[in-house]
Structure formats: C-alpha cells, structure tokens
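Let's take a friendly walk through a protein model together. Have a look at the structure below, and then we will start with a pair of helices.

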Amino acid sequence: MRFCMFLTALLVATPAFSADSWQSIQQEAKGQTVWFNAWGGDRAVNSYLDWVSGEVKTHYAINLRIVHLADAADAVKRIQTEHAAGKTQNGSVDLLWVNGENFRTLKASNLLQTGWAQALPNWRYVDTRKPVTEDFAIPTEGAESPWGGAQLTFIARETSMPTPPADPQALLAYARQHPGKVSYPRPPDFTGTAFLEQLLITLTIQPAALKKAPDESFGQVTGPLWAYLDALHPLLWREGKDFPPSPARMDALLTGGSLNLSLTFNPSHTRQKVASGELPADSYSFGFQDGMIGNVHFVAIPANASASAGAKVVANFLLSPQAQIRKADPAVWGDPSVIDARPLPADEAKALLAHTPAGLPAILPEPHAAWVNALEQEWLRRYGTR
C-alpha cells in the first residue's frame with residue numbers, strides 16, 4: 001500500500017524533463033563552469049564536494065568550482081546586489097546550498113529559477129515522505145532540489161551523562177545538578193537558533209501560531225521560552241554570560257571535559273566524529289522523547305545563473321544513489337539521505353540502509369521561516385549584551 005502511494009506521489013509530481021530535453025541540457029552543460037556556493041565550515045563536507053567535482057568532471061565534462069562560504073547569506077547578498085544592478089544574466093552564483101530563511105528571501109524577490117527541481121531525472125528516487133516540497137513551511141515550487149536531511153541532535157558522553165534528559169525540564173534539572181557543564185551555540189549561529197526553536201515548539205502553549213509569520217501575539221507565544229532561558233542561563237557554562245560560537249567549539253569543549261553536552265544538526269555527526277577520533281569513543285547521540293526539530297536541506301539556482309544547464313546536471317547528480325550513499329556514509333560525511341531505499345536495486349538499498357541511523361526521535365516540523373529572525377533579535381535584546 002505504501003509503495004503504491006509512493007508511485008502515485010511520483011506520478012502527480014511536476015512532469016520530468018523529456019529524454020530529449022534532458023539530453024539537450026546535458027549537452028549544453030558540457031564544458032560549463034558551475035560556481036557552487038556552499039557552506040565550507042566542515043572538513044568532511046569540503047572533502048565530499050571535492051569528490052563531487054571530480055565525478056561531474058569525469059562523467060559530464062562540467063568544471064565544478066566550490067565557493068566555500070562562512071554564511072550562505074553572503075551569497076544571497078551578492079545575488080541581490082547583482083539584481084539591483086540590473087544583471088539579469090551571467091551571475092556569479094550558479095548553484096547555492098541555501099537554508100530556509102535565505103530561500104524565503106530569494107523566493108520572495110523572484111531571484112530563483114522555479115519549476116525545475118521535480119523535473120530532474122533522479123527525482124524519481126526522492127523520498128516524498130520527507131518535507132521535500134516545502135522549506136521552513138514555504139512551498140518550494142520546484143525552486144529547490146533536496147540533497148540531504150538534518151535533525152537537531154544532542155551529543156553527550158556515557159561517563160558524564162549516562163542517562164540523557166528526555167525533555168527540556170529534565171535538561172534544566174541536569175543543569176542544576178551540573179552547573180557550568182551545559183551550553184548552546186550563540187544565536188544567530190544556525191544550530192543555536194535551532195535550539196531556541198526546539199524549546200519554543202516544546203514549551204509554547206500556542207503551537208499553531210508557529211505555522212505562520214510572527215504577529216502581535218509574539219510575546220504570548222514565546223513567553224514560556226524566555227521564562228525557561230531565564231532559569232537555565234545562570235546554570236550554563238560561564239553562567240550564561242558567554243556562549244560557544246559554534247557547534248564545532250562545543251564539540252571541542254565536550255572532548256576536553258569543559259562541557260557535558262554538545263549540539264549538531266546531523267544525527268550521524270557523532271558516529272562520524274568518533275570514527276575520525278575527533279570525539280571521544282564514549283560519545284553518543286540523543287533527542288527529546290517527543291521529537292526533535294528537523295528539515296531537509298536544498299540547492300537552488302539563481303535566476304541569473306551563468307551555467308543553468310550545468311547547475312541542473314550537478315543537482316541531479318547530487319540525487320543519484322551513488323552520491324547519496326557516499327554522502328550518508330559516516331566515514332565520508334554522514335549526512336542523512338533524501339532518497340528512498342525501496343525503489344533501489346537490492347545492493348544499493350542495502351548500502352543506503354546501512355548508513356541510515358536507527359532509533360531517531362520523531363521529526364518536528366520547523367516554524368515558519370520568519371520566526372528565525374524574530375527569535376534571534378529578541379534573544380540578542382535579552383541576552384546578547386551580557
């Protein structure tokens with residue numbers, strides 16, 4: 001029954017490129033240089049993208065150039081600047097690894113190509129049970145192609161936290177018992193903001209309000225969050241007067257014993273870092289029993305891309321079983337796949353499932369994208385100057 005539903009979902013999706021039109025796109029892509037702007041803050045991610053560059057060069061004669069970003073917002077500003085200058089063609093960004101907030105910004109200004117993602121040949125592999133057609137509650141309308149999954153995940157060590165907290169109140173109780181050993185990344189770090197969203201989803205008494213942009217009810221909706229943080233912060237590392245700048249710094253503090261907790265947005269992160277020796281062998285992942293916030297991450301093509309055909313071919317390759325299985329391998333990256341194992345040949349399905357973490361908590365949908373900036377600004381007003 002479920003497999004029939006899967007096939008039905010594929011049939012009602014955006015029509016795929018015809019064989020002739022896709023062949024024409026591949027022909028046009030040959031020799032193109034595709035500038036792929038992607039977050040460059042992780043060695044495993046960068047190594048994987050180097051492999052992708054080699055593969056698309058070998059198989060499609062595409063020159064993939066990776067622009068390593070500290071923040072995707074930098075590329076968004078470049079795209080906006082080019083648009084303001086009237087540069088409707090030959091833009092500097094061909095493919096962009098974009099988050100929900102930046103997607104909303106670009107889509108609202110009609111700065112993205114639409115209607116192409118679900119027409120890619122490899123869309124047939126996509127697991128449509130995942131939120132692959134919306135991003136932060138905003139319909140993608142074929143303007144984004146999924147290429148990985150994510151879920152907010154805690155990291156702890158058996159020696160210092162043998163029993164993981166099951167909910168925010170249990171985490172608060174643990175912080176009281178172990179003052180100075182808990183923290184979270186300083187917003188607007190992406191993972192730090194996701195932690196705020198996680199707490200808000202769990203604590204608010206008006207969850208329906210999170211499905212739309214914040215309005216005059218913001219104070220009432222978020223009141224329980226700020227009350228919780230007011231109680232938590234004095235118990236944190238450095239008494240909540242300072243926060244780690246990134247999840248990587250939290251990992252280092254966990255490894256060194258300064259913290260008993262770290263955070264990641266990749267449920268395979270712990271396995272990968274333990275395997276590489278970057279986290280202690282007794283490190284483990286966990287989530288709250290009622291679920292953890294999660295999403296799908298995407299690539300997008302700006303409306304003024306110089307190498308649109310090449311960008312589509314690269315996005316299609318990123319959805320291939322070969323690329324998805326390699327990406328999901330913790331020894332390579334450990335980024336969760338967005339394709340479904342069921343329609344794959346037996347050997348590929350087995351390989352993909354071997355890299356799929358077991359026992360993950362339920363995925364809680366993210367609030368509307370507008371909540372990101374609203375939460376960050378209020379957090380900075382309340383705690384950012386301490």
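Helices α6 and α8 cross in a left-handed way, where left-handed means that the near helix is turned anticlockwise from the far one by less than a right angle, and right-handed means clockwise. By contact class, this meeting of α6 with α8 involves seven nonpolar residues, one polar residue and no charged ones. For this count, Ala, Val, Leu, Ile, Met, Phe, Trp, Tyr, Cys and Pro are nonpolar, Asp, Glu, Lys and Arg are charged, and the others, Gly among them, are polar.

Before going further, a word on where this comes from: the model is predicted, local features need pLDDT of at least 70, side-chain atom pairs count only at pLDDT 80 or more, and totals for chains, interfaces and linings use all residues. Residues are numbered from 1 along each chain as its sequence is written, and side-chain values use heavy atoms, with hydrogens and water left out.

Back to our helices. Helix α6 covers residues 168-177 and helix α8 covers residues 218-232, and their axes come within 10 Å and cross at roughly 20°. Helices (H or I, at least four residues) and strands (E, at least two) are DSSP runs, numbered from the N terminus. Axes are lines fitted to C-alpha atoms, for helices over the stretch in contact, and angles run from 0 to 180 degrees between N-to-C directions. The helices α6 and α8 are therefore roughly parallel to each other; that label is for angles under 35 degrees, while over 145 is roughly antiparallel, 65 to 115 roughly perpendicular and the rest oblique. Which residues in α6 meet α8? They are Pro 168, Gln 169, Leu 171, Leu 172 and Ala 175, and their partners in α8 are Tyr 228, Ala 231 and Leu 232. Contact here means heavy atoms within 4.5 Å.

Now find a second pair, helix α12 (residues 321-328) and helix α13 (residues 346-354), which pack at an angle of about 25° with their axes 8 Å apart. That angle makes α12 roughly parallel to α13. Their crossing is left-handed. Here Pro 321, Gln 324 and Ile 325 in α12 meet Glu 348, Ala 351 and Leu 352 in α13. Sorted by class, the residues in this contact are four nonpolar, one polar and one charged.

Next, let's turn to charged side chains. How many salt bridges does the structure hold? There are 14, each being a side-chain nitrogen of Lys or Arg within 4 Å of a carboxyl oxygen of Asp or Glu. In one of them, Glu 141 pairs with Lys 107, and the closest N and O atoms are 3.2 Å apart. Glu 141 lies in the loop between β5 (138-139) and β6 (144-151) and Lys 107 in helix α5 (residues 100-108), so the pair ties together parts that are 34 residues apart in sequence. Glu 141 is exposed at 53% relative accessibility, whereas Lys 107 is partly exposed at 21%. Buried means under 20% relative accessible area, exposed over 50%, and partly exposed in between (1.4 Å probe, protein chains only).

Finally, is Thr 140 buried or exposed? With 1% relative accessibility, Thr 140 counts as buried, and its place is in the loop between β5 and β6. Leaving aside residues up to four places away in sequence, Thr 140 touches Phe 103, Lys 107, Val 132, Thr 133, Glu 134, Asp 135 and Phe 298. Thr 140 and Ala 300 are 160 residues apart in sequence, and in space they are 9.9 Å apart, C-alpha to C-alpha.
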